Amino acid sequence: MSKIILFFTSLFFSIGVLFAQNEIVLTLHVDKAGSLRSLLSDEQYAKTSKIIVSGEINALDIKTLQEMSGEKGALQSIDLSKATIVGY
């Protein structure tokens, strides 16, 4: 019984490590609110799983982040702790 538990524990740990290796983390500073999308390559837009944003952002940038976390995107984590949200 303990060998089975050890096997499944090892299996789940291995799967977790595999997924962690495919994680794309991106840190960006936005100088001009509304320009986040222009700072991203198409690959970054589609494959980034975690993004850290600093600088000034607005609703257009929030929409970009929302799209990146949608059905076709890979974004799972957004850190806006160093960003300032401004109006249009």
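Let me start with A83: its relative accessibility is 18%, so A83 counts as buried. Buried here means under 20% relative accessible area, exposed means over 50%, and partly exposed is in between, with a 1.4 Å probe and protein chains only.

A word on the source. This is a predicted model, where local features need pLDDT of at least 70 and side-chain atom pairs count only at pLDDT 80 or more, while totals for chains, interfaces and linings use all residues. Residues are numbered from 1 along each chain as its sequence is written, and side-chain values use heavy atoms, with hydrogens and water left out.

Back to A83. It sits in strand β3. Which residues does A83 touch, not counting those up to four places away in sequence? They are V53, S54, G55 and I57. Contact means heavy atoms within 4.5 Å. Take G55: A83 is 28 residues from G55 in sequence, yet their C-alpha atoms are 4.8 Å apart.

Now the overall layout. The chain has three helices and three strands. From the N terminus, the order is α-β-α-β-α-β. These are DSSP runs, numbered from the N terminus: helices are H or I with at least four residues, strands are E with at least two. Of the 88 residues, 24% count as buried. Among contacts with a separation of 6 or more, 71% come from residues 24 or more positions apart.

Next, the sheet. Its three strands form an open sheet in the order β1-β2-β3, with parallel pairing. The edge strands, each pairing on one side only, are β1 (25-30) and β3 (77-85). From one strand to the next, the twist averages 5 degrees. Strands pair if DSSP finds at least two bridges between them. Between β1 and β2 (residues 50-57) there are six bridges. In that pairing, V30 stands opposite G55.

Helix α3 (residues 59-68) packs on this sheet and touches β2 and β3. Its direction makes about 170 degrees with that of β2. For these angles, axes are lines fitted to C-alpha atoms, for helices over the stretch in contact, and the angles run from 0 to 180 degrees between N-to-C directions.

Helix α3 also holds D61. D61 is buried, yet has no salt bridge. A salt bridge needs a side-chain nitrogen of Lys or Arg within 4 Å of a carboxyl oxygen of Asp or Glu. How far away is the nearest side chain of opposite charge? It is R37, at 9.9 Å. What does the D61 side chain reach instead? Another is the backbone nitrogen of L36, at 2.9 Å. Leaving aside neighbours within four places in sequence, D61 is in contact with A33, G34, S35, L36 and E56.

S35 belongs to the loop between β1 and α2 (42-47). Its relative accessibility is 17%, so S35 is buried. Beyond four places in sequence, S35 is in contact with V30 and D61.

Last, the charged pairs. The count comes to two salt bridges. In one, D42 meets R37 at 3.0 Å, N to O. D42 is exposed, because its relative accessible area is 59%. R37 is partly exposed, at 30%. The other joins K63 and E67, with the closest N and O atoms 3.9 Å apart. Both lie in helix α3, four residues apart, about one turn of the helix. K63 is partly exposed at 47%, and E67 is partly exposed at 36%.

Methods. Lys, Arg positive; Asp, Glu negative; His and termini not counted. Polar contact = N/O pair within 3.5 Å; in protein donor to acceptor, adjacent residues only side chain to side chain.
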